[in-house]
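Trainee: Can we go through the side-chain contacts in this one? I'd like to start with the charged groups.

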Amino acid sequence: MEGNMNLKLKIWRQKSTSDKGAMKDYQLGGVSPDMSFLEMIDVLNDKLIREGDDPVTFDHDCREGICGMCSMFINGEAHGPNRGVTTCQLHMRSFKDGDTIYVEPWRSAGFPVIKDLMVDRGAFDRIQQAGGFISVNTSGRTMDANAIPVPKEDADKAFSAATCIGCGACAASCPNGSAMLFVSAKVSQFALLPQGQPERKERVLNMVKQMDEEGFGNCSNIGACEVQCPKNISLENIARMNREYLMANIKPEN
Amino acid sequence: MAKGLFGSSLVKKYWMALTGLFLITFLLVHCAVNAAIFVNDGGETFNKFAHFMGTNLLIRSMEIVLFVGLLAHIVDGLMLYFQNRKARPTAYAKQNNNSSSTWYSRSMALLGTLILFFLIVHLGNFWVKTRITELSVIDQHLYYDGEKYENLFGEMQLVFKELWVVIVYVLGCISLFWHLLHGFKSAFQSLGLNHSKYKGTIAIIGDAFSVIIPAIFAAMPIAMYLEWIA
């Protein structure tokens, strides 16, 4: 079809976690500018399967930018060159005919590669399990959340922190390999709300402890995470986490 | 703190910020005192200031704190640098860092090392000579109103006769400028002081400080080399 593109793809191929892996070149023709990036990879995989090759393994689920599964490092940027979008929301119209596109998995000590472009983001689950929740009885006598007054500004900030989909783009794009934007968003969403208060201090202490154990780097306020985050999570959350952690260490009991 | 002085990633941030802000206050004092050379009175004001700084008990005690603070800043910085390298064992084949961050914010360890090299030269030129050995200048002492003062001004004139020394100092100041441009603002963020209300003010003060202080410092060897000050 007219307007379709020919692309040169350089994709990371790795058989298993223990395999060394390498970049491999592919030529792909007939790429419609209306395709999403993942659909383009689908077309490539279809071609590979027909040719008897192993298709490229990659994470994906909702394909509408809310599940946090897609996780490609495209041309040196998490989720590609566009801002505030996930890989599934990136369309091929953002590229030109004849372009060379690098596609790599998240690179982080905390995210071991499972296969090709798929990484194990269990580290984020374990950080969440260390404190990213509130303990609420659901015995039927629970207070209606809407009955608790919350200042509008706090509610807005908590909501915008809660939009974090835990995709890992922050840790993947951070030159230090730090996951603090994710952790700080999860700490903030509860620290700002009344429901988060009973576990406020142990939450931040435990989540930071788990984050360090997972092998992520240290934040030095470079700010790449904030730019690359598909949900535009603000660095203000990291400052809030720094405050929360400091206060929790000065006076650990509530 | 629970996990020791350098334990968690966040505690390391606090140390970096606190020692950094302490070194910033040192820069301010050092710059203010040295700016006395611009009075251009043959070094009388500057030598008197230097005499006060060298003999005041409080200032001398702070000198020890300063060395400890500097060392903590260096050790903490190196720990962060090596831990962060370990956090990404496999490098990206292509990483477009410039689209999302500034080169100097990513190069704090490099800039810090350059500043350290400069400091070694700088301490050798002045600190070692005033505190341990003796000044190289012929008139080691000058008398103002019958009182004896070390002629540190004369030593500066002697040291800054050499073009290569002036170049090293200017390069040191340029490294300091880039280091401060990220470090000043970063310290406040690390201590949790980031809010839309005052973020802009911190950024303006930080940028102004990063430009003005290194510029004044750099002007000193240049002015002496060109003999604007004598």
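Mentor: Start with the term: a salt bridge is a side-chain nitrogen of Lys or Arg within 4 Å of a carboxyl oxygen of Asp or Glu. By that rule, Lys129(B) and Glu155(B) form a salt bridge, at 3.1 Å from N to O. Keep in mind that this is a predicted model.

Trainee: Are Lys129(B) and Glu155(B) buried or exposed?

Mentor: Both Lys129(B) and Glu155(B) are buried.

Trainee: How many salt bridges does the structure hold over all chains?

Mentor: The count over all chains is 22. Among them is the one between Asp54(A) and Arg13(A), where the closest N and O atoms are 3.9 Å apart. Asp54(A) is in the loop between α1 (37-50) and β3 (73-74) of chain A, and Arg13(A) is in strand β1 (residues 5-13), so this pair ties together parts 41 residues apart in sequence.

Trainee: And is Asp54(A) buried, exposed or partly exposed?

Mentor: Asp54(A) has 44% relative accessibility, so it counts as partly exposed. Arg13(A) is buried, with a relative accessible area of 14%.

Trainee: What about Asp54(A) and Lys115(A), how far apart are the closest N and O atoms?

Mentor: They are 2.9 Å apart, and the two residues form a salt bridge. Lys115(A) lies in strand β6 (residues 113-115) and Asp54(A) in the loop between α1 and β3, so the parts tied together are 61 residues apart in sequence.

Trainee: Which residues are linked with Asp54(A) in a network of salt bridges?

Mentor: The network links Asp54(A) with Arg13(A), Lys115(A) and Asp116(A).

Trainee: New topic: rings. How many aromatic pairs are there over all chains?

Mentor: There are 21 aromatic pairs over all chains. One of them joins Phe160(B) and Tyr169(B), edge-to-face, with 4.9 Å centre to centre and 80° between the planes. Phe160(B) is buried at 2% relative accessibility, and Tyr169(B) is buried at 5%.

Trainee: Why is the pair Phe177(B) and Trp178(B) called tilted?

Mentor: Their planes are at 55°, so the pair is tilted, and the ring centres are 4.8 Å apart. Phe177(B) is partly exposed at 23% relative accessibility, and Trp178(B) is partly exposed at 25%.

Trainee: Which charged end sits over the ring of Trp12(A)?

Mentor: That of Arg107(A), 4.1 Å from the ring centre.

Key. Residues numbered from 1 in each chain as written. Chains lettered and ligands numbered in written order. Predicted model: local features only at pLDDT ≥ 70, side-chain atom pairs only at ≥ 80, totals over all residues. Heavy atoms only, no water. Helix = DSSP H or I, 4+ residues; strand = E, 2+ residues; numbered from the N terminus. Buried < 20%, exposed > 50% of the residue type's maximum accessible area, 1.4 Å probe, protein only. Phe/Tyr/Trp six-rings, centres within 6.5 Å; stacked < 30°, edge-to-face > 60°. Lys NZ or Arg CZ within 6 Å of the ring centre and 35° of its normal.
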